[in-house]
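Morning, everyone. Please look at the structure on the screen while I talk.

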Amino acid sequence: MPKSPIIEHWFRGYESPMKAVVLAMREILHDADPRLEEQLKWQSPTFVLGGGHLASFFPRSRDHARLMFPLGARIPGDYPHLEVSGDASRVMRVRSLDEVEDVRAELTAIVQAWARLRLAESERPPARSKSSPRSSPRSNPMPRPSTKSKPAPSAKSTSSAKSTSSAKSKSTS
C-alpha cells in the first residue's frame, strides 16, 4: 500500500534527532509487507494490517527511535530486540542508522509474522464470547413461559377497575 500523504505531512513537521532512524525503520516496515497501511493515531504514525494494529512510533523519544507493538506478545516467534513492556505490548528501541541495519532482518520477520497471524485470524470464524449462550441441537433459543402463576386479581381491584371505566364512559357521553 502506498505511503499515506497524512503521514508524509506529519514527517515534514517532525523535528527529532532520531528522524532519520524513524524514517529508515518506516522503510523496512513497508518493504516487509506492502499491504501495511499508515494511519495517524495518538498523534503518531501507526501501522495497520487487515484492521489489526501492528505498531506505532513513539515520537517523543530523543535518544532512540521507539516502535511500540501494542499486541507484541501475540506475534509468533522469538525476537531478541523486542523488549517486554506490559502484559501484551512489546517495544523495539533503535539508537542509530547502524543499528537499523542490525535489526532489519528481525523487524522484517516481525512484520511478516504479524501478517501471517492477521491473515489466519481473518480466515477463522469469530470466536464466541464466554458470556454468550451456546446453541446446541438440544437448546431452545425461545424464551420459556414463566412457571410461576400470577395471582388472580382480587374482587376489590376488579370492581374498582370496572367502576373507573364506567365513570369515564359516563363523563365522555
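Are Phe 47 and Phe 57 buried or exposed? Both Phe 47 and Phe 57 are buried. Before I go on, a reminder that this is a predicted model.

Let me stay with the aromatic rings. A pair of such rings is described by how far apart the centres are and by the angle of the planes. The structure holds two aromatic pairs. In one, the ring centres of Phe 47 and Phe 57 are 5.8 Å apart and the planes stand at 80°, so this pair is edge-to-face; the cut-off for that label is over 60 degrees. Phe 47 sits in strand β2, residues 44-49, and Phe 57 in strand β3, residues 52-58, so the pair ties together parts that are 10 residues apart in sequence.

Phe 11 and Tyr 14 make up an aromatic pair as well. That pair is edge-to-face, with 6.0 Å from centre to centre and 75° between the planes. Phe 11 and Tyr 14 are both buried.

Now the helices. Helix α2, residues 19-32, packs with helix α3, residues 97-123, at an angle of about 30°. Their axes are 9 Å apart. Angles under 35 degrees count as roughly parallel, and α2 and α3 are therefore roughly parallel to each other. Their crossing is right-handed.

Which residues make the contact? From α2, they include Ala 20, Ala 24, Ile 28 and Ala 32. From α3, they include Leu 97, Arg 104, Leu 107 and Val 111. The residues of this contact divide into 11 nonpolar, two polar and one charged.

That is my part; thank you.

Methods. Residues numbered from 1 in each chain as written. Predicted model: local features only at pLDDT ≥ 70, side-chain atom pairs only at ≥ 80, totals over all residues. Heavy atoms only, no water. Axes fitted to C-alpha atoms, helices over the stretch in contact; angles between N-to-C directions. Helix = DSSP H or I, 4+ residues; strand = E, 2+ residues; numbered from the N terminus. Parallel < 35°, antiparallel > 145°, perpendicular 65-115°, else oblique. Left-handed = near helix turned anticlockwise from the far one by under 90°. Contact = heavy atoms within 4.5 Å. Nonpolar A, V, L, I, M, F, W, Y, C, P; charged D, E, K, R; others polar. Phe/Tyr/Trp six-rings, centres within 6.5 Å; stacked < 30°, edge-to-face > 60°. Buried < 20%, exposed > 50% of the residue type's maximum accessible area, 1.4 Å probe, protein only.
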